[in-house]
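Here's a quick briefing for anyone meeting this structure for the first time. Have a look at it below, then read on.

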Amino acid sequence: MAWIRTVPFEEATGKLKTLYERVTGPGNNVDNIMMVHSLRPHSMEGHMALYKNVLHHTGNKVPKWFLEVLGVWVSSLNDCAYCVEHHFAGLQRLLGDAERGRAIRAAIEARAPEAAPLEAAQVLAMGYARMLTEEPASVTAADIGALRDAGFDDGEILEINQVTAYFAYANRTVLGLGCSAKGDVLGLSPNNSDDPGDWGHK
């Protein structure tokens with residue numbers, strides 16, 4: 001499941017066991033991206049706190065399904081199949097329109113977000129996410145101004161920025177440690193946005 005040793009659920013003790021119990025899905029399944037932290041439970045705790053608050057918090061205003069689009073987009077740009085598959089499944093669940101979801105994914109795979117069935121402002125946000133992913137030093141104040149002119153307020157721009165930045169972290173965690181999706185249940189997430197402390201994957 002990874003290139004480093006991981007501790008399975010049934011062998012966990014202490015803080016690791018407590019954290020595993022918080023992030024489990026059906027049948028005590030723990031996603032491999034979380035299990036890869038098992039030798040340093042404190043980094044799993046930090047990862048989950050960041051993930052939950054960036055993607056699954058009631059304070060966000062950008063639609064959750066579009067935050068998942070950004071996650072799939074950034075993960076595709078980073079060639080992180082693990083995160084693409086997990087978050088595309090989550091996108092499909094949240095969007096509730098399988099055909100539209102497949103069209104969005106096709107546009108992502110073609111590196112042509114303008115071909116996706118999305119609003120112009122959302123396509124612009126994907127362009128910003130691409131710059132931030134591939135050439136972060138190229139982003140300028142004018143790029144932020146363009147997002148603002150497209151209708152995003154500054155808080156929403158921050159959300160777009162943070163989702164993009166989070167996936168840079170998650171993709172590099174997965175790719176740098178050889179984390180596979182073997183044994184994972186795709187598309188589960190800590191989706192209870194009303195409770196930041198609920199990390200259960202449902």
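Helices here are DSSP runs of H or I at least four residues long, numbered from the N terminus. The model is predicted, so to speak of local features takes pLDDT of at least 70 and side-chain atom pairs count only at pLDDT 80 or more, while totals for chains, interfaces and linings use all residues. Residues are numbered from 1 along each chain as its sequence is written, and side-chain values use heavy atoms, leaving out hydrogens and water.

**The cavity**
- A cavity is a set of points on a 1 Å grid over the protein atoms alone where a 1.4 Å probe fits but cannot get out, and its lining residues have an atom within 4 Å of a point.
- α5 (81-95) gives the largest share of the largest cavity's lining, five residues.
- That lining has 18 residues, with Asp31, Ile33, Tyr51, His86 and His87 lying nearest the centre.

**A buried charge**
- Glu68 sits in helix α4 (residues 64-77).
- Glu68 is buried (under 20% relative accessible area, 1.4 Å probe, protein chains only).
- Glu68 has no salt bridge (a side-chain nitrogen of Lys or Arg within 4 Å of a carboxyl oxygen of Asp or Glu); the nearest side chain of opposite charge, Arg93, is 5.4 Å away.

**Positive phi**
- Asn28, which is not a glycine, has a positive phi near 60° and lies in the loop between α1 (14-23) and α2.
- Arg111 isn't a glycine either, yet its phi is positive at about 55°; Arg111 lies in the loop between α6 (98-109) and α7 (120-134).

Note on methods: Helices (H or I, at least four residues) and strands (E, at least two) are DSSP runs, numbered from the N terminus. Buried means under 20% relative accessible area, exposed over 50%, partly exposed in between (1.4 Å probe, protein chains only). Lys and Arg count as positive and Asp and Glu as negative; His and the chain ends are not counted. On a 1 Å grid over the protein atoms alone, a cavity is a set of points where a 1.4 Å probe fits but cannot get out, and a pocket is an open set with protein on both sides within 12 Å along at least five of seven lines; lining residues have an atom within 4 Å of a point.
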